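Notebook open, model loaded. I'm jotting down what I look up as I go, starting with the terms.

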Amino acid sequence: MKPFMIIIGAVILVALIYAFCLYQNNKIDITYYTIKSKNTEKGFKIIHLSDFHSKPFDKVIEIIEKEKPNLICITGDYINDKCKNKDKMLEYGKTLVRLSPVYYITGNHERRLENFDSVINELKSIGFNVLLNEAVENEYCKILGLDENMADFEDYKARRSGTFKYKDMSPYFNELEKYDGFKIVLSHFPENFEGIKELNYKQYDFDLQLSGHAHGGQWIMPFVGPLFSPGQGVLPKYARGCFGERPKLIVSRGLGNSEFPLRLFNHPEVIIINVYKE
């Protein structure tokens, strides 16, 4: 084979790989869930977004405009720990707020920011309902947003080895339990639902937990499933999908990437939850 043919073949191969990677990282999947509950007086729609990692997706805006949700819940890592694209994400957030009320919690990336307080204040100033271990009530439900602050890289090692000391979130759940309507918990870390022992969240009285963080396991391999998540390790259980009945956990595969730049068979995800009166 002549050298120029080899070069052309190599260029075509690289271009195909590049196009494939772009598709894997940018083709958005929409996942629908339906919840019937005796705790809601009227139906409502939630859009659950997670782990933007400072990447504004125009397609997400189009989906929200079409679906017209009553609430948008963002479960952390909206801005990455390098504060990349902060101004773009603030402008993007203004668009989200114009479309629907936004309820937001921090992830491990925001918690690693040196300018954490100023970023949080900026998110509040554009209209985000920032929930740091506090609950707010609206006409549809009550939402508890947890600020677990499990951001240090040493925390990951301790969680995988079983030596991490989890925070006791019971005071916040006990307050939430006084509410009679539909109750939502926003937690960045899905494994805290039932994967930890005495302090798991599943033991409390609420309806729905929304979480992210695991990025769907980053790579999802056929017949194997999600491959890896920080804090859960290899073959993570709580990387995507839903768990339980009431309370129910729904885990977003997220939208952006953090340190590892490629998703494989694991497209960015927008979750749409329709809640109906039982």
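**Terms first.** I count two strands as paired if DSSP finds at least two bridges between them. My helices (H or I, at least four residues) and strands (E, at least two) are DSSP runs, numbered from the N terminus.

**Ground rules.** This is a predicted model, so I keep in mind that local features need pLDDT of at least 70 and side-chain atom pairs count only at pLDDT 80 or more, while totals for chains, interfaces and linings use all residues. Residues are numbered from 1 along each chain as its sequence is written, and side-chain values use heavy atoms, with hydrogens and water left out.

**Overall.** I find seven helices and 16 strands in the protein. Its radius of gyration is 19 Å, close to the 19 Å from the globule rule for 278 residues, so the protein is as compact as a globular protein of that length. (That radius is taken over C-alpha atoms, and the rule is 2.2 Å times the number of residues to the power 0.38.) The C-alpha trace spans about 75 × 45 × 40 Å along the principal axes. I get 54% of the 278 residues as buried. Buried means under 20% relative accessible area, exposed over 50%, and partly exposed in between, with a 1.4 Å probe and protein chains only.

**Sheet with strand 1.** I looked up the strand order of this open, six-stranded sheet: 1-16-2-3-4-5, with mixed pairing. Strand 1 (29-37) and strand 5 (129-130) are at the edges with a single partner strand each, so one side of each has no neighbour in the sheet. Inside the sheet, strand 2 (residues 44-49) and strand 3 (residues 71-75) run parallel, joined by four bridges. Leu49 sits opposite Ile74 in strand 3.

**Sheet with strand 6.** Another open sheet of six strands reads 6-7-8-9-15-14, again with mixed pairing. Its edges are strand 6 (134-137) and strand 14 (241-243), each with a single partner strand, so one side of each lacks a neighbour in the sheet. From one strand to the next the twist averages 20°. (Axes are lines fitted to C-alpha atoms, for helices over the stretch in contact; angles run from 0 to 180 degrees between N-to-C directions.)

I then walked through the pairs:
- Strand 7 (residues 142-145) and strand 8 (residues 183-186) are parallel over four bridges, and Ile143 faces Ile184 in strand 8.
- Strand 8 and strand 9 are parallel over three bridges, with Gln209 in strand 9 as the bridge partner of Val185.
- Strand 9 and strand 15 (residues 248-251) are parallel over four bridges, and Ser211 is opposite Val251 in strand 15.

Which way do the side chains of strand 9 (residues 208-211) point? Leu208 and Leu210 go one way, Gln209 and Ser211 the other, and all are buried.

My grid is 1 Å over the protein atoms alone: a cavity is a set of points where a 1.4 Å probe fits but cannot get out, a pocket is an open set with protein on both sides within 12 Å along at least five of seven lines, and lining residues have an atom within 4 Å of a point. Points are joined across faces, edges and corners, and a volume is the space filled by probe spheres set on them.

The largest pocket holds about 310 Å³. I list 17 lining residues, with Gln218, Phe228, Pro230, Ser258 and Glu259 nearest its centre. Helix 4 (108-111), helix 6 (153-161) and strand 12 (228-229) each give at least two residues to that lining. By class I get six nonpolar, eight polar and three charged. (Ala, Val, Leu, Ile, Met, Phe, Trp, Tyr, Cys and Pro are nonpolar, Asp, Glu, Lys and Arg charged, and the others, Gly among them, polar.)

How many cavities of 30 Å³ or more are there? I find one. The largest cavity has about 40 Å³ of space, and its lining includes Glu148, Tyr166 and Lys167. That lining splits into five nonpolar, one polar and two charged residues.

Most residues other than glycine have a negative phi, and most peptide bonds are trans. Arg246 and Pro247 are joined by a cis peptide bond, omega about 0°; Pro247 is in the loop between strand 14 and strand 15. Asn133 has a positive phi, near 55°, and lies in the loop between strand 5 and strand 6. Phe265, not a glycine either, has a phi of about 50°. I place Phe265 in the loop between strand 15 and strand 16 (269-277), partly exposed at 44% relative accessible area.
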